[in-house]
Amino acid sequence: MSDTSSSCSDFPYLHGFSSTEQARLVKQARLAESTIFHNIDYSNARRLLEVGSGVGAQTEILLRRFPELHATCVDLNEAQLDAARTNLDAMPWMKGRYELHQADATSLPFEARSFDAAFLCWVLEHVPSPSRVLNEVRRVLAPGSPVYITEVMNSSFLLDPYSPNVWRYWMAFNDFQYDSGGDPFVGAKLGNLLLAGGFRDVTTDVKTFYFDNREPARRKTMIAFWEELLLSAADQLIEAGKVTQEVVDGMRREMHQVQNDPDAVFFYAFVQARAVVY
C-alpha cells in the first residue's frame, strides 16, 4: 500500500516521492481510515512514536482521533518530511503536538523507554530487516506500551472480471519489491516477528476491502484509487524491465473496464497486529 518512504537507508522506494505520489498518500490514508483505525486504541497513551510517518497523513488521523497524544514522527526521506511539515502546519489545532525527525528506523535517536505507544502503517513492507526495526521500537517503548502495526498481504488481491494485464502488472509490482529487499507479504508474518522481537500479548486481525454490488459507489472509488497506486510504480517497473509499456497500457484499460462493470468485485486483505512491551 505504501504510506511512507523506506525507513531504512539504501533501499529503493517503489512509489517515488513526486508531489502526485504525496497527494495519493493523503488520499489513501483517508480512504482507509475507518478500516485501519476501527480497533486501534491509544486512549491511555500520551507519547506516541510513529515510524515511517511519510507525509504526515496518518499523523493527522492519530492526533485527531486521540486528542491527548503527542506524536514523534520518524522518516528517512527529507522530501516526505518536508511534505509532512507543510501538511501538518496547515492545521493550527495540531500545533505543538508533533515532532518530525529524519532518522533510520533501525537506529532511532531516542533514549530507552522514551515513549508509551507506537504506530507503524505500511512500513515494514519496505524495509530489508523488519526484525531490526521492531527491536528498536521495543527498545524505546516503556513497559506496558501498546504497538499497532498494519501491513500488506499482497497475495490476497482479487479483481473480477479477470484482467490479465492487471495480474501481470501486480506480479511484477510484488517481484520488484521482493527483489529489492522488501516483503509484499509481510502482513502474514507479523505475529512471528513480534514474538521473536520479545513483544507480548500478540494479536492479529485480518482486515478487508471487499466491494461488490452492495456498495457500487465505494467499489468504483476503490478501483480508481487502486489504479493510482499501481501507476505510481510504473516508471520504476518499466526501467527495471519488470513490465513493458504495453502491459501498463493494458492494465490501465482493464482497470477502467472493471471500474465501470456493473458486476465487478474488488477484494484486498491486510493484517493489523497489536502487541505490548513488558
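Glu227 is buried, with a relative accessible area of 7%. Buried here means under 20% relative accessible area, exposed means over 50%, and partly exposed lies in between (1.4 Å probe, protein chains only). The model is predicted: local features need pLDDT of at least 70, side-chain atom pairs count only at pLDDT 80 or more, and totals for chains, interfaces and linings use all residues. Residues are numbered from 1 along each chain as its sequence is written, and side-chain values use heavy atoms, with hydrogens and water left out.

Start with the charged pair at Glu227. Arg252 forms a salt bridge with Glu227, and their closest N and O atoms are 3.6 Å apart. Arg252 sits in helix α9 and Glu227 in helix α7, so the pair links distant parts of the chain, 25 residues apart. A salt bridge is a side-chain nitrogen of Lys or Arg within 4 Å of a carboxyl oxygen of Asp or Glu. Helices (H or I, at least four residues) and strands (E, at least two) are DSSP runs, numbered from the N terminus. Arg252 is partly exposed, at 38% relative accessible area.

A search of the whole structure finds 12 salt bridges. One of them joins the side chains of Lys27 and Glu228, at 2.7 Å from N to O. Lys27 belongs to helix α1 (residues 19-36) and Glu228 to helix α7 (residues 216-231), so this contact ties together parts that are 201 residues apart in sequence. Lys27 counts as partly exposed at 40% relative accessibility. Glu228 counts as partly exposed too, at 31%.

Lys242 and Asp179 also meet through their side chains in a salt bridge, at 2.6 Å from N to O. Lys242 is in the loop between α8 (234-239) and α9 (245-259), while Asp179 is in helix α5, so the pair ties together parts that are 63 residues apart in sequence. Lys242 is partly exposed, with a relative accessible area of 32%. Asp179 counts as exposed, at 55% relative accessibility. Elsewhere, salt bridges that share partners join Glu33, Glu60, Arg64 and Arg65 into one network.

The buried residues are Ala57, Gln58, Thr59, Glu60, Ile61, Leu62 and Leu63.

Now turn to the strands.

β4 has partners. Strand β1 (residues 47-51) pairs with β4 in the parallel sense over 4 bridges; two strands pair if DSSP finds at least two bridges between them. Glu50 has Phe119 as its bridge partner in β4. Strand β5 (residues 146-152) also pairs with β4 in the parallel sense, over 4 bridges. Here Leu120 stands opposite Ile149 in β5. β4, helix α4 (residues 130-139) and β5 make a right-handed β-α-β unit. A crossover is right-handed if, with the strands pointing away from the viewer, the path from the first strand over the helix to the second runs clockwise.

Next come β2 and β3. Strand β2 (residues 70-75) and strand β3 (residues 98-102) pair in the parallel sense over 5 bridges. Tyr98 in β3 is the bridge partner of Ala71. β2, helix α3 (residues 78-89) and β3 make a right-handed β-α-β unit. Thr72 has its place in β2 and is buried, at 5% relative accessible area. The C-alpha atoms of Thr72 and Leu49 are separated by 4.9 Å, though these residues are 23 apart along the chain.

A record covers part of this region. UniProt lists residues 49-148 as "domain: Methyltransferase type" in an unreviewed entry; its annotations may be inferred rather than shown by experiment. Over residues 49-148 the chain is 31% helix and 22% strand, and the end C-alpha atoms are 11 Å apart.

Finish on the surface. Tyr162, Trp167 and Met171 make a nonpolar surface patch of about 340 Å². Tyr162 lies in the loop between β6 (158-160) and α5 (164-179). Tyr162 counts as exposed, at 60% relative accessibility.

Key
Patches are made of residues with over 30% relative accessible area and no salt bridge: like charges are joined within 9 Å, nonpolar side chains (Val, Leu, Ile, Met, Phe, Trp, Tyr) within 5 Å. Accessible areas come from the Shrake-Rupley method with a 1.4 Å probe; for residues, only the protein chains shown count as cover.
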